[in-house]
Amino acid sequence: MAFLHLLSLRKCLGIIGQGGCEGVSCSLTLILCLSPCLLAAVVGAGIGGSAVTHFLQQHFGPRVQIDVFEKGTVGGRLATISVNKQHYESGAASFHSLSLHMQDFVKHLGLKHRREVVGRSAIFGGEHFVLEETDWYLLNLFRLWWHYGISFLRLQMWVEEVMEKFMRIYKYQAHGYAFSGVEELLYSLGESSFINMTQRSVAESLLQVGVTQRFIDDIVSAVLRASYGQSAAMPAFAGAMALAGAQGILWSVEGGNKLVCSGLLKLTKANVIHATVTSVTLQHTEGKPLYLVEYENEMGIGFDVYDIVVIATPLHLDNSSTITFEGFDPPIDVIQDSFPPTVVSLVHGYLNSSYFGFPDPKLFPFASILTTDFPTFFCALDNICPVNISTSFRRKQPQEAAVWRVQSHKPLLRSQLKTLFRSYYSVQTAEWQAHPSHGSRTTLPRFALHDQLFHLNALEWAASSVEVMAVAAKNVALLAYNRWYQDLDKIDQKDLMHKVKTEL
């Protein structure tokens, strides 16, 4: 084990692979070796990995050195695709105004909100539109009341109650509290009601508060299909997060949402290693454990030793690059559930408005189309804007060629493209494992896999969004910090509302 300690010290000095202490005096080396140095590895450079890198440095300070392993492109599920010399979002397209961590990142990095270009929405039931948005807010409310009674008010009250409790997490995190498991985190926010919401369906929960089945079938299902690609049979907690995202003010980042990830990594001066991590092995040492991280890239196979390791990528059986864990007792198993694929197709072409009941394309008024659970080959269709919007930019008219974002479960067939578009110039696709199959788990996973080994994406199995990943990142950074300094009073505490008020 002396070799591992030596390797760790050499990495602190930045002289790995430099042939010993060449260029560094032995006395200076000794002084630096006596200075504490903390080595952390983050696996994944999406929003979770980028955010936890930022938070780790924020809490541990300059003494922590962070390596970030990324097998693909920085940004993960925040990505863009170039169409006709313009870039468009192919991953997460927008954020809610209550996404406080994301708001803070944008402000911290000096980024700007993208100018909003408004457009009307409608819900397509397979043969006709079941609901159409107008330009008049009061008329929209009247239509909802006329078709569905006060179900929309009951839905809004239900979502607001859930979000009011969820927002407590920001206060808890501001006071340094962390949770070792998803169940502990949810219980601190909503007690047993939040735990039960991970096992009960959206439909069941909404029916219980007086929302009609028709409203669930027409409206709620359409929002869930567009957000998660799932139905109202999904768990209520994840559904509430998705429905909250469909209300209120949405925003996105000028230049592309992925700029948040690259900006955070640049700000923290993290060392990004483009490689695939293959295994994490526990090394039995005196005192705190060390973790041997093995990885491979075009240069071959490599390894390094770390004090803290954060897995910021999904761990599940159908992930082709699943990481193996060795030397742990009890053993660490990967999650036995799946991430259904989500396919995003960016189509540059002319919409076939006749398919939606508008023979004259000039009369087609909608920029966004959601779909119900009626058997159809796509979940949502949007006339999207580029990530850079000038002051003179205008949305394309329905009779003009535009870039449409089509979300589906499978790649679109040529016949399906011809159904949606009269003609098109190009089709570019991105396939994501965007969200786990919510409701497939009977137990909630844990963030802490070992003393200083964490799985950030555990929270995805309760709800999945960019802001949820940022919340998980903050929690894992606090958990690592509190465990490192043995501040156990800040971990898995109950009745936190009372504790926080007392501290204030």
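Helices (H or I, at least four residues) and strands (E, at least two) are DSSP runs, numbered from the N terminus. By this rule the protein chain holds 15 helices and 21 strands. The structure is a predicted model, in which local features need pLDDT of at least 70 and side-chain atom pairs count only at pLDDT 80 or more, while totals for chains, interfaces and linings use all residues. Residues are numbered from 1 along each chain as its sequence is written, and side-chain values use heavy atoms, with hydrogens and water left out.

**Confidence**

The predictor's confidence in each residue, from 0 to 100, is called pLDDT. Its mean over the protein chain is 88, and 90% of the residues reach 70 or more. Residues 1-7 stay under 50, and the model has 12 contacts for them beyond four places in sequence; contact means heavy atoms within 4.5 Å. Residues 15-35 also have pLDDT below 50, with 14 contacts in the model beyond near neighbours in sequence. Where pLDDT is low, the predicted coordinates should not be read in detail.

**The chain as a whole**

A residue is buried under 20% relative accessible area, exposed over 50%, and partly exposed in between (1.4 Å probe, protein chains only). Of the 504 residues of the protein chain, 53% count as buried. Among contacts with a separation of 6 or more, 73% join residues 24 or more positions apart.

**Nonpolar cores**

A nonpolar core is a set of buried Ala, Val, Leu, Ile, Met, Phe, Trp, Tyr and Cys residues joined through side-chain atoms within 4.5 Å. The largest one has 101 residues, and Leu 56 and Trp 158 have the most contacts inside it. Helix H14 (residues 466-484) gives the most to this core, with 13 residues. Apart from it lies another core of 21 residues, including Ala 275, Leu 282, Tyr 291 and Tyr 306. Leaving out residues up to four places away in sequence, Trp 158 touches Met 197, Ser 205, Leu 206, Val 209, Ala 236, Ala 240 and Leu 243.

**Aromatic rings**

Rings of Phe, Tyr and Trp (its six-membered ring) pair if their centres lie within 6.5 Å; planes under 30 degrees apart count as stacked, over 60 as edge-to-face and the rest as tilted. The structure holds 29 such pairs. Two of them are set out below.

| Pair | Centre to centre | Between the planes | Type |
|---|---|---|---|
| Phe 325 and Phe 328 | 6.3 Å | 75° | edge-to-face |
| Phe 356 and Phe 378 | 6.4 Å | 85° | edge-to-face |

Phe 356 is buried because its relative accessible area is 3%, and Phe 378 is buried because its value is 0%. Phe 325 and Phe 328 are both buried. One aromatic cluster takes in Phe 124, Phe 129, Tyr 355, Phe 356, Phe 358, Phe 364, Phe 366, Phe 377 and Phe 378.

**Val 343**

Val 343 is found in strand S15. Val 343 has 1% relative accessibility, so it counts as buried. Val 343 and Leu 412 are 69 residues apart in sequence and 8.5 Å apart in space, C-alpha to C-alpha.
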